[in-house]
Structure formats: structure tokens, C-alpha cells
Amino acid sequence: MQEILGKITEKYPPAEAEIITRAFELAHKAHQGQERHSGENYITHPIKVAQILADLNLDYETVAAGLLHDVLEETQTKFENLEKEFGPSVAFLVQAVTKLHRVSYSGEKQYVENFSKMILGTAKDIRVVLIKLADRIHNLETLETFKGDKEKIALETLEVYAPLASRLGMGEIKALLEDLAFPYVYPEEYLKTVEVTQNQIKENKIYLEKIKPRVEQILKENNILATTVSARTKHLYSLWKKLQKYDFNLERIYDLVALRVLVPDVSACYETLGILHKYW
Ligand code: MN
């Protein structure tokens with residue numbers, strides 16, 4: 001636990017790291033004796049949520065609120081106490097996330113739009129939604145051992161939270177949420193997708209690893225300063241959606257895996273595209 005906390009706090013200046021550490025200590029004490037469905041100490045949850053938020057490079061108030069996000073709902077801790085210890089911003093964030101927990105999706109498609117509006121309205125501050133998304137990611141990661149309605153949580157993720165992440169421009173978070181929820185909502189389709197695509201993905205990945213140094217070499221020769229060249233695999237859920245359109249014919253999917261080249265600016269981007277088109 002201390003190790004994860006250390007990794008989080010090292011990203012922030014000392015004064016902010018100190019507040020994050022105090023938030024951890026309060027959460028740790030408040031959740032003492034509580035367990036997750038998995039049997040793990042409860043504190044493992046808020047600390048993972050805080051880690052996700054820190055990985056997104058969010059400000060220290062968001063990270064501190066991530067650590068404290070369940071203390072109003074699950075422990076004896078009072079709002080006034082948070083306000084006194086951590087100031088009005090952190091206290092507000094925690095309170096708003098707690099309110100958001102009570103907004104629940106009915107599972108009926110026609111209400112999705114209303115529901116997202118309700119979330120954004122209740123949240124008031126976008127950071128509240130980000131904490132909620134991080135909370136949801138970790139809840140899905142540990143959904144296996146959850147004793148309640150797994151499918152409801154997973155479906156709500158696919159229909160509400162993933163589109164919300166997308167709307168906020170967080171493509172990676174959207175894909176992560178979808179892939180985590182996919183096996184719970186459509187178990188058979190999930191298995192089928194894995195089965196149909198696994199071998200091809202493996203083969204393509206080997207090819208990409210071979211081609212990567214070649215691309216790096218070409219960019220270097222052309223004086224392109226690429227920050228990263230990395231291989232990525234199409235996310236399973238979006239792959240399944242695409243496969244449905246093409247009668248599960250894998251040969252018609254051209255972006256199963258892809259090479260991603262990051263460059264500093266737009267002009268370098270077009271230049272890189274032009275250079276690579278000469279070779280492929
Ligand atoms: Mn939580």
C-alpha cells in the first residue's frame with residue numbers, strides 16, 4: 001500500500017503530496033476493519049482509484065478526493081470534518097461523488113441521455129465525473145467477486161459511462177471501460193470474439209514488432225522527431241462491433257493491430273504520413 005502511495009505522491013510537489021498523504025491516512029483509518037467483496041482490505045479500492053487519477057495527471061485535490069471518495073457513504077466521517085481537514089474543494093468533490101452514487105440507471109435505453117445529463121448536472125465540477133469513472137474502472141476490475149448485480153453495473157458502464165468518457169475526449173478510458181464490461185454483458189459474444197481474433201492478432205503483433213524498428217529507422221533518416229512509435233491492438237469490444245458489421249469475416253478488418261507514431265506537431269504529422277506512404 002505504502003508503495004502505491006509513494007508512486008502517487010512522487011508526482012506532486014511536497015505541499016500537495018502532504019495533503020494526499022493525509023487523505024490516505026484518514027481514509028485508511030476510516031475504512032479500518034471494512035472489506036471489499038473480494039475479502040481485501042477496503043483501502044485497496046480508494047488507493048487504486050487515486051492511482052488511476054494520478055496516472056491521468058489530475059490535480060492533487062482530485063487525487064485526495066479519490067482517496068476519500070467512499071468515506072462519507074461507507075464510514076462515520078462527516079462532511080464538516082473533511083472541510084476542516086482538506087478545505088472546501090476536496091470536501092465538495094467527495095460529497096458530489098457520494099451524491100452521484102445515488103443516481104442510478106434504470107437499464108432502459110430511452111433514459112440514457114437523461115441519465116448522462118443528470119450525472120453532469122449533479123457533478124457540477126468535471127473532476128467529480130473523473131473520480132466516478134476511476135471508481136467505475138476499479139469496480140469493474142474487481143467485479144468478479146462482487147456479490148450484487150454484476151450485469152447491471154456492466155450494462156450501465158457500456159450505455160452510460162463509456163459514452164460519457166468518449167464525450168469528454170477520453171478515448172483510452174472509454175475503451176478500457178468497454179473491454180472490462182464486455183464479458184459481463186455479452187459473455188458468449190465476448191468468447192466468440194476472442195476465439196475468432198486471437199491467432200490473427202498474435203500473428204499481426206509479431207509482424208508489427210518486426211516493422212517497428214524499420215519505421216523508427218526511416219523516421220530518423222528523414223529527421224522526424226517521433227516521441228514514440230508503439231504497436232496497439234484494437235480493443236475487443238470495438239472489434240466485436242465491427243465484426244458484427246462484416247459477418248465475422250476477419251479479413252475485412254484492416255485495423256486489428258496498428259502502429260501508432262506520435263510526433264510533436266501537426267505539420268510533422270502530415271510529413272510523417274507522406275514519408276511512410278512511400279514505403280507502405
Ligand atoms: Mn468506490
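How much space lies in the second largest pocket? About 350 Å³, and we'll get to that pocket in a moment. First, a word on what you're looking at: this is a predicted model, where local features need pLDDT of at least 70, side-chain atom pairs count only at pLDDT 80 or more, and totals for chains, interfaces and linings use all residues. Residues are numbered from 1 along each chain as its sequence is written, and side-chain values use heavy atoms, with hydrogens and water left out.

**View 1. The second largest pocket and its lining.** A pocket here is an open set of points on a 1 Å grid over the protein atoms alone, with protein on both sides within 12 Å along at least five of seven lines; a cavity is a set where a 1.4 Å probe fits but cannot get out, and lining residues have an atom within 4 Å of a point. Grid points are joined across faces, edges and corners, and a volume is the space filled by probe spheres set on the points. This pocket has 15 lining residues, and Val215, Leu259, Val261, Leu276 and Trp280 lie nearest its centre. Helix H11 (187-221), strand S2 (257-262) and helix H13 (266-279) each give two or more residues to the lining. The largest share, 5 residues, is from H13. Helices (H or I, at least four residues) and strands (E, at least two) are DSSP runs, numbered from the N terminus. Sorted by class, the lining has 13 nonpolar residues, 2 polar and no charged. For that sorting, Ala, Val, Leu, Ile, Met, Phe, Trp, Tyr, Cys and Pro count as nonpolar, Asp, Glu, Lys and Arg as charged, and the others, Gly among them, as polar.

**View 2. The largest pocket.** Here you'll find about 610 Å³ of space. Of its 26 lining residues, His101, Asp135, Asn139, Phe146 and Ile153 sit nearest the centre. Four helices each supply at least two lining residues: H5 (71-74), H6 (79-101), H8 (126-141) and H9 (150-167). The class count is 11 charged, 8 polar and 7 nonpolar.

View 3. Buried or exposed? His45 is buried, at 1% relative accessible area, and Asp135 is buried too, at 3%. (Buried means under 20% relative accessible area, exposed over 50%, and partly exposed in between, using a 1.4 Å probe and protein chains only.)

**View 4. The largest cavity.** Rolling a probe the size of a water molecule over the atoms shows where empty space is left. Searching the whole structure turns up 1 cavity of 30 Å³ or more. Its lining is made of Ile52, Leu56, Leu130, Leu133, Ala134, Ile137, Met170 and Ile173. H8 is the top contributor, with 4 residues. The lining has 8 nonpolar residues, with no polar and no charged ones.

**View 5. The nonpolar cores.** A nonpolar core is a set of buried Ala, Val, Leu, Ile, Met, Phe, Trp, Tyr and Cys residues joined through side-chain atoms within 4.5 Å. The largest has 73 residues, and Leu68, Leu82 and Leu177 have the most contacts inside it. H6 gives the most to this core, with 9 residues. A second, separate core has 9 residues, including Val215, Leu219, Ile224 and Leu276. Back to Leu177: leaving out residues up to four places away in sequence, its contacts include Leu133, Ile137 and Tyr161. (Contact means heavy atoms within 4.5 Å.)

View 6. Most residues other than glycine have a negative phi. You'll spot Asn223 in the loop between H11 and strand S1 (228-233), where it is exposed at 68% relative accessibility. Asp247 sits in the loop between helix H12 (236-245) and S2, and is exposed, with a relative accessible area of 67%.
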